[in-house]
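Visitor: I have a model here and would like a friendly tour of it. Could you take me through its main features, one question at a time?

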Amino acid sequence: MTEQVARFVAQANAAQFPPDALDKARKVIADTFAVILAGANSEVSEPLARYLDLDGPAGTGGAPILGTARRAPPEAAALVNGTFGHALDFDDVLSMMPAHPSAIIVAALIADLAAHPLDGAAFVEAYVVGVEAGARIAQGITVGHYQRGFHGTGTLGTFSAVTALAKAWRLDEARTRIAIGIAASMASGVRRNFGTMTKPLHTGLAARNALAAVRLAASGFEAAEDVLETRAGFYAAYGVKESDPQVAIDALASDAWVVSDPGIALKKFACCYASHRAMDAVLRLREQLGASADDVARLTCRMPPGGMLVLTYPRPVTGLQGKFSLHYPLAAGLLDGRYTLGTFTDEAVNRPAIAALYDRIDAREDESCRDLGDPAYESRSSGSRGWVTVELELRDGRRAALRVDKAPGHPSRELSWQDIEAKFTDCAASARLSADVAERAFAQLRELERCPDIAALVDTLRP
């Protein structure tokens, strides 16, 4: 399997991509740069700045930290930019992993552009190849890996970034196998840290580790060349009984490309994807009934079995916990009628008006939301299995209910370029970039394969 992954990476190229792959990849990449910028103004920013200062004041050399005036050595920059990318839980979702691979790939690819310059076409090609390789490794190990407690973003996402870097740097098959072998001993991240700063740190660590693995491999370091499939290898240590290397091998040999099918979901709301269908329903029902929070007698939300696996904070006390709550965003949707970056701050979560709504919310898993006709139900992530139903009952007796099968931003409800531009503009403003700079940067990202120098584009994304 390790040999087949390395061969795929070496041989794959943009000419093989489906016709829609480039546009879909550009959308996700633009979205990813947006959320990295927004992360620079999040809770993780100050402690990460202090962490960088432990090695002395930031100098003028090194790689840029997006959304800031700072620079850092490449591996440190990969860690910080990667952590920024997942800090708000506003980045992409690849449910088949399940993980958020794009911030890892982008942070790794932009970390060492001085030594390894890239134009836009090479950047997009490497991105698509990295998504494909990481997703197929995930497909073979199965969702059982996630259910054991691993955070696939930190574990499986590492391989996405390693293979993207190997493609971008034109490593041969032998060195790519070594890089994968090194990375297998670095893959890390457990779900218990959801709702804390360490969840987005998984993304930063994955980006840093991927860069370190590829640099070590390119420098002549050695590792096991069969690390994914062998006894005591990655699948054996991290997988489950159903994990099967042949599934990954066969998927890599197919004509399908993950970026096109099943596609990557982009987030409309800055929180855990598992709650997005319910949040979408609340906003739509509130508008349909012309209701305010004071009008609501009861909100009933029914989730599919397993749909609340990671929504573990029924009454959160921090913004980070609020991102992994179902009750809080339901209450916030009723109260505010919209979701913004400010929805998930400590102050917003602790509003008395929010606490007053909790007793009127009944949210739980229900067998009636299970899709009995879906043979892959148990292998799906929390946010993509079954469906969600929400009912609002008002004090005047009126009521309405809505079933939501797919969240906004799901590939079947794809965000438009206008949606992504609005998100990019908001995220850039939170990082204190001027409107003119943001507009010019977004225009380049929208036609990324025509960009002659990724380093020049990245350097503009700093106040």
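**A walk through the model**

Visitor: Where does Pro 262 sit?

Guide: Happy to start there, and please keep in mind that this is a predicted model. Asp 261 and Pro 262 are joined by a cis peptide bond, with omega about 15 degrees. As for its place, Pro 262 is in the loop between α12 (245-253) and α13 (276-289).

Visitor: Is Asp 89 buried or exposed?

Guide: Asp 89 is also found in the loop between α4 and α5. Its phi is positive, about 55 degrees, although Asp 89 is not a glycine. Its relative accessibility is 3%, and the cut-off for burial is under 20%. Asp 89 therefore counts as buried.

Visitor: And Arg 170, is that buried or exposed?

Guide: Arg 170 lies in the loop between α8 (152-168) and α9 (173-184). This residue is not a glycine either, yet has a positive phi of about 60 degrees. Its relative accessibility is 52%, and anything over 50% is classed as exposed. So Arg 170 counts as exposed.

Visitor: Which residues touch the most other members of the largest nonpolar core?

Guide: This core has 116 residues. Helix α6 (residues 120-141) gives the most to it, with 13 residues. The residues touching the most other members are Phe 33, Phe 123, Phe 234 and Phe 424.

Visitor: What does Phe 123 touch?

Guide: Leaving aside residues up to four places away in sequence, Phe 123 has contacts that include Val 106, Leu 109, Ile 110 and Leu 118.

Visitor: How many residues are in the second, separate core?

Guide: Among the members of this second core are Val 143, Ala 281, Ala 293 and Val 296. The number of residues in it is 46.

Visitor: Which residue of β4 is the bridge partner of Arg 302?

Guide: Strand β3 is mostly covered, with six of its eight residues buried. On the β5 side, Leu 299 stands opposite Leu 392. In β4, the bridge partner of Arg 302 is Arg 364.

Visitor: How are α5 and α10 oriented to each other, roughly parallel or oblique?

Guide: The axes of α5 (residues 102-109) and α10 (residues 198-218) come within 8 Å and cross at roughly 40 degrees. Their crossing is right-handed. The contact is made by Ala 103, Ile 104, Ala 107 and Ala 108 of α5 with Thr 203, Ala 206 and Ala 207 of α10. Angles under 35 degrees would count as roughly parallel, so α5 and α10 are oblique.

How values were computed
Residues are numbered from 1 along each chain as its sequence is written. This is a predicted model: local features need pLDDT of at least 70, side-chain atom pairs count only at pLDDT 80 or more; totals for chains, interfaces and linings use all residues. Side-chain values use heavy atoms; hydrogens and water are left out. A nonpolar core is a set of buried Ala, Val, Leu, Ile, Met, Phe, Trp, Tyr and Cys residues joined through side-chain atoms within 4.5 Å. Buried means under 20% relative accessible area, exposed over 50%, partly exposed in between (1.4 Å probe, protein chains only). Helices (H or I, at least four residues) and strands (E, at least two) are DSSP runs, numbered from the N terminus. Contact means heavy atoms within 4.5 Å. Two strands pair if DSSP finds at least two bridges between them. Axes are lines fitted to C-alpha atoms, for helices over the stretch in contact, and angles run from 0 to 180 degrees between N-to-C directions. Angles under 35 degrees count as roughly parallel, over 145 as roughly antiparallel, 65 to 115 as roughly perpendicular and the rest as oblique. A crossing is left-handed if the near helix is turned anticlockwise from the far one by less than a right angle, and right-handed if clockwise.
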